[in-house]
Amino acid sequence: MLVLLVLPILPILKVTSIKGFKDVFPPAGTRRERMTTRACRVLESYGYGRIELPLLEKGELFVRAVGASSDIVEKEMYAFTDKDKDATLVALRPEGTASVVRAFIEAGGAREIPVARLFYTGPMFRRERPQKGRLRQFHQIGAEYLGRDDPAADAETLCLVDDICRATGIHGARILVNSLGDRECRPAYRESLTNFARSRIESLCADCRARLERNPLRILDCKNPGCAEATADAPLMADHLCDPCERHYGRVIELAEASGVKLQRTPRMVRGLDYYVRTAFEVVADHKDLGSQNAIGGGGRYDGLVAQLGGADTPGIGFALGVERMELAGGAEAEAVYADSILIAPVGESCEVAAALLARRLRLAGAAVEVESGARKLKAQMKRADKAGAGFVVLIGPEELAAGRPVVRDMIRKADYPGCFGLDDDAEAVLEAIRKVGNN
Ligand code: HAM
């Protein structure tokens, strides 16, 4: 900073953004906000309330919660030492669950909040290789339900995920589920999988060989075709569940399906974060724009995590949806053109006053209104309306001004409706006339 201040004159240099970090302009930003609002409304209808969390946490939190051998901690965390005397390792949050659990414990845990339903939205940071649907700063809508371990809580969480997908207009989302067992049954399964993988070690990629000792379950998740072939007949957790886990899983599926949620049992599915036990799920969509990054969201149960982070043992389940991937799967399309967004196009400077007055009145009545410059050609004004994602254009030319009745253009249907309201009508009546055009 100091160096910058004492530099005499800086040479002109175009400073660009960082790879994998994206700017979002309107109307895409507005669409995103509205899609997120829809999701939040669904969360609130299930009794969830918003929690605001810091973006920066102690690195240790993620090492302990997500797992030292997870890709997130091993390769992807934006971590650095702070300038305090202890040189604390801090990290930009790669996910939200660890922070929620830390905050929950610090607020007094289950003693203070016996059942917590908390949701969050905002940026997460992972230093992955950027590609379509994979960014280094991405956004999540996440939810955590602490204090319940019965299958009805899992089934309700799956319903909630399904309802958010519907409300945000995601095309063809499927929910894949699996049970990852618990501390009773997973160790034996892990051993049997490790033995199996050792017997196929020649066919495994270097990553999987490294995973063998530290995180063998991730071998099932490897995208390398050679590994997939070599482990096609690997033992599966589903066949090694203890009785309580088996009963829990069966009941989760029964309850969720009885509520109308379609589930796809996927016995090879494992998750990239270490804290999961029992129910784990992923939301995938086969949208062409998603390519190989077809996981829109993921989640599961993490009983044991609160205790592991120093709180009184409290069960929990949650999920997070990736906002950018929801958009690629058509999630924001429902918001492509928003009805109350109006662009007023005065044709010639003589019509600018009428346009400005109408805009002011409509804004006070709650509409979003942009006024173009009367000096610009109508064609250029219409182009702007398209770009801005306006639902309607109100066109005021000298003729319309003289008659006191503008033309309304419905931008979805590209149809004109002359004279459907008068410039002197009150704002509510004008908006109603415009909405009526939209409903035709
Ligand atoms: P996750 O599966 O790591 O889970 O991430 C959830 C979603 O975030 C993914 O399905 C994906 O849509 C999105 N996502 C992840 N990484 C990227 C990236 N680099 N670029 C774009 N989108 C990405 C979790 O984060 C858990 N905390 C979920 C959870 C909450 N489990 C229990 N509670």
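## Ligand contacts

A polar contact is a pair of N or O atoms within 3.5 Å; within protein, one atom must be able to donate a hydrogen and the other to accept it, and residues adjacent in sequence count only if both atoms are side-chain atoms. At Arg271, a polar side-chain atom lies 2.9 Å from an oxygen atom of the ligand. Tyr276 places a polar side-chain atom 2.6 Å from a nitrogen atom of the ligand. The backbone takes part as well: a polar backbone atom of Gly297 is 3.3 Å from an oxygen atom of the ligand. Of the 660 Å² of accessible area that the ligand has on its own, the protein covers 96%. Accessible areas come from the Shrake-Rupley method with a 1.4 Å probe, and for residues only the protein chains shown count as cover.

This is a predicted model, in which local features need pLDDT of at least 70 and side-chain atom pairs count only at pLDDT 80 or more, while totals for chains, interfaces and linings use all residues. Residues are numbered from 1 along each chain as its sequence is written, and side-chain values use heavy atoms, with hydrogens and water left out.

## The shell around the ligand

The ligand is surrounded by 26 residues, and the closest are Glu95, Glu128, Leu135, Tyr276 and Ile296. A residue is near a molecule or strand if one of its heavy atoms lies within 4 Å of it. By class, the shell holds 10 nonpolar, nine polar and seven charged residues. Here Ala, Val, Leu, Ile, Met, Phe, Trp, Tyr, Cys and Pro count as nonpolar, Asp, Glu, Lys and Arg as charged, and the others, Gly among them, as polar.

Which strand gives the largest share of the shell? It is β10, with six residues. At least two shell residues each come from β6 (137-146), β10 (295-301) and β11 (316-322). Helices (H or I, at least four residues) and strands (E, at least two) are DSSP runs, numbered from the N terminus.

## Overall build and cores

The protein has 17 helices and 16 strands. Its C-alpha atoms fill a box of roughly 85 × 70 × 50 Å, taken along the principal axes. Of the 440 residues, 51% are buried. Buried means under 20% relative accessible area, exposed over 50%, and partly exposed in between (1.4 Å probe, protein chains only).

A nonpolar core is a set of buried Ala, Val, Leu, Ile, Met, Phe, Trp, Tyr and Cys residues joined through side-chain atoms within 4.5 Å. The largest such core has 88 residues, of which Leu43, Ile164, Ile296 and Phe319 touch the most other members. Helix α7 (residues 151-167) gives the most to this core, namely eight residues. A second, separate core has 21 residues, including Leu358, Leu362, Val394 and Val430.

## The sheet

Eight strands make up an open sheet with mixed pairing, in the order β1-β5-β6-β11-β10-β9-β7-β8. Two strands pair if DSSP finds at least two bridges between them. The edges are β1 (49-50) and β8 (263-265), each pairing on one side only. Strand β1 runs parallel to β5 (residues 116-125) and is joined to it by two bridges. Opposite Leu118 in β5 stands Gly49.

Thr279 lies in strand β9 (residues 277-285). This residue counts as buried because its relative accessibility is 2%. The side chains of Thr279 and Asp154 are joined by a polar contact of 2.7 Å.

## Backbone geometry and exposure

Between Pro26 and Pro27 the peptide bond is cis, with omega near 5 degrees. Pro27 lies in the loop between α1 (2-6) and α2 (28-45).

Two non-glycine residues with positive phi are Ala87, at about 50 degrees, and Lys414, near 55 degrees. Ala87 lies in the loop between β3 (79-81) and β4 (89-92), and Lys414 in the loop between β15 (407-410) and β16 (415-418). Ala87 counts as partly exposed because its relative accessibility is 40%; Lys414 is partly exposed, with a relative accessible area of 48%. Asp243, in helix α11 (residues 243-258), is exposed, with a relative accessible area of 55%.
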